[in-house]
Structures are given as structure tokens and as C-alpha cells.
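Let's take a walk through this model together, starting with the overall fold and ending with its aromatic rings.

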Amino acid sequence: METVIQTSNLTKFYGKSRGIENVSITVNKGDIFGFLGPNGAGKSTTIRTILDFIRPTGGNATVFGLDSRRDSVAIRRRIGYIPGDFGLYGNMTGWKFLEYFGKTRGGYDKISAREYAKKMDIKLDRRMKEYSRGMRQKVAIIQAFMNNPDLIIMDEPTSGLDPLIQQTFMDILREKSSQGTTIFMSSHVLSDVEKVCNRVAIIKEGSIVAEELVDDLHKKSGKVLEVQFSEEVSPDVFKMDGVSGVTKLNSHMRIMVTGNLENVLKEVSSHRLTDISIHQMTLEEIFMHYYEGGK
Amino acid sequence: MAFEIFKRAIKDKAFSTILIALLLFLYIFWLASFYPSLKPMVSGYDQLLQNPTIKAFFGDDVVSMTTFSGFISLEVFSYMGLVIGAFIIFMVASFVAGEIEQKSSELLLSLPVSRENIIVSRFLAILPLTALIVIGEMAAIYLGGLYIGENIGITWFAYAMLFMAVFTVAVGAIALFISSIMSDGKKAALISVGILFAMFLVENIGSMVTSIDWARKLSLFHYAKISSIINNHQISWVNLGVLIAVIIVFLALAVIAFRRRDINVS
């Protein structure tokens, strides 16, 4: 499988302050790769280092097999990028901006730009200083997609989009991926990531704590038991091997099981209960599991 | 050079440049037009200009206003470097620091253009914009002279304008370097204007106070002797060479600084 992005021990310190440390991830051709972590975990720093906006203090990154620093211009010929926090050129209209970016990338495909504008449901005739946050986000999406790049890197791409457009955007991602485009996206919206991403990495305090296929992550991460007891049960009785967390709200208990279920079920069945359900951890639960120190 | 970035920089700054060129044209033409009514009183003005406090502002090489050239060099060119320099500084401050401040720098850097090319393309945009302002001034002097029937040495004014243009571009190169190392457009502009004003004072006060005469060599104004060209018909090609060297050095520094730095939008 062709590797599109590879980072090896990528490290960035701002003086003594940690940005990212020994980040090693691999993104393959056609992946929709979700990059998860809360604010300050190092998602944007990783992206900026890959794109050569900031320079690593250690390690290296390659994109399409090219060195991210030495060959950054050649790399950027093949990518589209949506920053997480950005401003646009307020005095330009949306169309002028797209024309400017398209031409600077080597060719403005007006038809493609119009198609994406139609999908994003935006009129681009006004000056961009009059645009709302959502409209600016749509313009950033169009400029990243319109030149049909091989790789699209996005930092929180759905922020500011209404639910309908978010859905359209997810459809576009799936369509591009099926055509061989590689997508790398950081996001806080875990349900979105779960819907479209085939692989994810979780970054915690600047370091990668998990990098898996989403399906494998689900399988490995275990199950969640939601139990409604009809008698008083202490969470302490579930302190056993394979249980990574127990939360209790009145008579309702939530047990996260990463090991063998059998012992847990035996303990559950020794109490009177009114309801029980078992499901695989959602991405959000997995994410919280990592962040609560479960792994 | 990245032609699209060069073209966009010119388009972005065209309106304000045309406006300033037009205003300066009208101002200089207006000044020239009332020279005939001022001429009978110039001896009084000349005496006033010998006052050391006034010399500290205009410099020691204050010329007599008995000629149209002297009048123009005193009323226009004694401070025009400050005016045009400040305009160019505010324009250039937005090229890098302003771009980071308004958070468009990451989108710009995602384009397949090297950082060197971005700096050089935007620097080159200063050239036609400066030329527009300087040609406007030249036209105002020429037409103003024609209007009041004064015979002016257009060749020497043209040389003076060449020096003015190169001086302005040198100011732009220094401002571009400052913009390249900062992330706040307004701060970058204010620091550059501060440096420009300090150079102006050093040159003019230094011409009066011999103990700081050495410091004049650090001022760009020292190498753009507009009054000397217009009135004494003296041209120092060495001075022009120094200004060009300043342009090259500061453009190179701007490229190096921008190429090496982290661009962090927060």
C-alpha cells in the first residue's frame, strides 16, 4: 500500500514548552485518516510541521515520499489545505479569491469551483469581509478541493458548518476517497470522524497514544455494559481485572470492559437488575477512555 | 517570481497608491502655483530658515527660495522622503506581518510557492507602485512650472526623482525585513516608521551637531541628497550605490528571516 504521509519521531518544542513529541504516524493512499485530540494536544502543531509552516526540533516527515522541508513546494503542488483558524482577504470576493488561489496553484478550474460552491450552497459574489464564520469555512473547503489534489489536509474542517452542509461535506469526503484522494483531518466532532474515517490516531499531550483502523480500535477497545440495578450495588464490586472504568448515577451503572466479560457478567447476575445492554465502545468512548488514563 | 502573487500585491495596493499619487500631485501643483505670489517675500523666509531650530528639521543644506527649484526642494523634498517612506512602510507591513496578523498566512503558505518567491514577488510589487508616486510628483513639478511660467531643469528633477524612488524602495526593503520577523502588522509598521523618523532626525540634526556627524552615515536620508541634485546639479553615484546595496542586503535578510522562521497562527 502506497504511503502518503509518514512522520518519524516528529518533535517540536517551543523553547522549553512541548508542542509534540516523537509523533510517528502513517497515512496510506485512499485513507480518510482522523486525527483526534483535545485543544493543546498537538494536532495543529503536527499538521503545521508536516506542511513546513513550522520546523521540527527533532524527527522528520515525508509526504508522497518527499521530505517535508526540502521538497515542500513540490509537496504543496499536490495538496489542498484547510487551516483550523484562518482569515480571508476581506476586500476580495469569494470568486476572485478562488481564481487567485487556483491560478497560483497552476490553473483555475472555474467549473470545479462552481460545482463545489453549488454543493456548499454559497454565493461568492460579495466581498469576503461580509462573510459569516460558516461562509468562510465553505470558501476554505472549496479552495482546498477545487484543484482535485492527491492529498487534502484539514484542521477541524466542519467547524462553523450547519448540519446539512456537514452531511454534504461528509459525502464529498467519501466520494473523494473512493476516487483515490487521501484525506487527513483533525476533528473534535468524533461522531463525524466515526462516520467517515477508516483510520484514526489519538494524540495526548503531544504524543500518539493510539493509531489504528477504526474497526480494529473498536474490537480492541472492548465493550460498555449499561446496567440498571433494582438494588443498591457498590461500584467497588466491579474493581476486577479487565474492567477499566465504572461510573454510577443513582441505580444506573456504566461499566467499561476491556478484558474478559465473563467475570463481569457473573458479578452483574449476582444482583437484581431491571435492564442491561452491551455495546461496543463508540469512538467517543474510546477517546474518553484514553484521556481518562485508561490506557 | 510568483507572477500571481506579484500581480495580486499590485492590485491590492493600487487604489491607495493611485490616491496618494493623486493627492501628492495636487498638493505639489498647488504649492507651485502660488510661488509667483510668494517670490517677492522670499528674502524674509530665507532669513527665517537660518534659525538653528528650523535647520534641525530641514537640515543644514537649506537652499534659498529665490529660485523655483530652491522653493520646491525646500517646500516639497525636505520632508517628502518621510511622507512617501511612511506610505510604503504601511503598505509593506501587511506583506508578511500583516498576513500573519489577519491569519491568512497559512492559506498563503499552502500554495506551491516558496517563501523566497513570496517575499521577492511582493518586494517587486513595490517597484511599479513607487514609480507611480514618483512619476506623479515629477509631473506635478513639470506642469506646475509650466503653469507659472518658470523654466525648470527637468533633467535634474528627473535625476532627483530617480534618487527619491531608489530611496523609497530602500525604505521598503528595510520595512519588508522588519515585517518578515514580526507577526503583528501594526507593530511592524510603527517600528519601521520610528526607524525612518530617527534616520530623518539623525541626518538633519547631525548636519548641525558635529559630535554626531558620524551617525548620519547610518541614515538613508544622507544618501538621497535631493536638494543637492536639484539646486547644485551634483549627483553622487556612490550614494545611489549605497541605497541599492541597502535594498539588496535588506531584501536578502528578509528572505532569510522569512525562510527560517516558524509561522504560527494562534
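What follows looks at chain B and some of its aromatic pairs.

This is a predicted model, in which local features need pLDDT of at least 70, side-chain atom pairs count only at pLDDT 80 or more, and totals for chains, interfaces and linings use all residues. Residues are numbered from 1 along each chain as its sequence is written, chains are lettered from A and ligands numbered from 1 in the order in which they are written, and side-chain values use heavy atoms, leaving out hydrogens and water.

Chain B has twelve helices and zero strands (DSSP runs of H or I with at least four residues, or of E with at least two, numbered from the N terminus). Its C-alpha trace spans about 65 × 45 × 30 Å along the principal axes. Of the 266 residues in chain B, 53% are buried (buried is under 20% relative accessible area, exposed over 50%, partly exposed in between, with a 1.4 Å probe and protein chains only).

Now for the rings: the whole structure holds 25 aromatic pairs over all chains (Phe, Tyr and Trp rings, the six-membered one for Trp, with centres within 6.5 Å; planes under 30 degrees apart are stacked, over 60 edge-to-face, the rest tilted). One of them joins B:Phe34 and B:Phe71 edge-to-face, at 6.5 Å centre to centre and 75° between the planes. B:Phe34 sits in the loop between helices H1 and H2, and B:Phe71 in helix H5, 37 residues apart. B:Phe34 is partly exposed at 27%, whereas B:Phe71 is buried at 0%.
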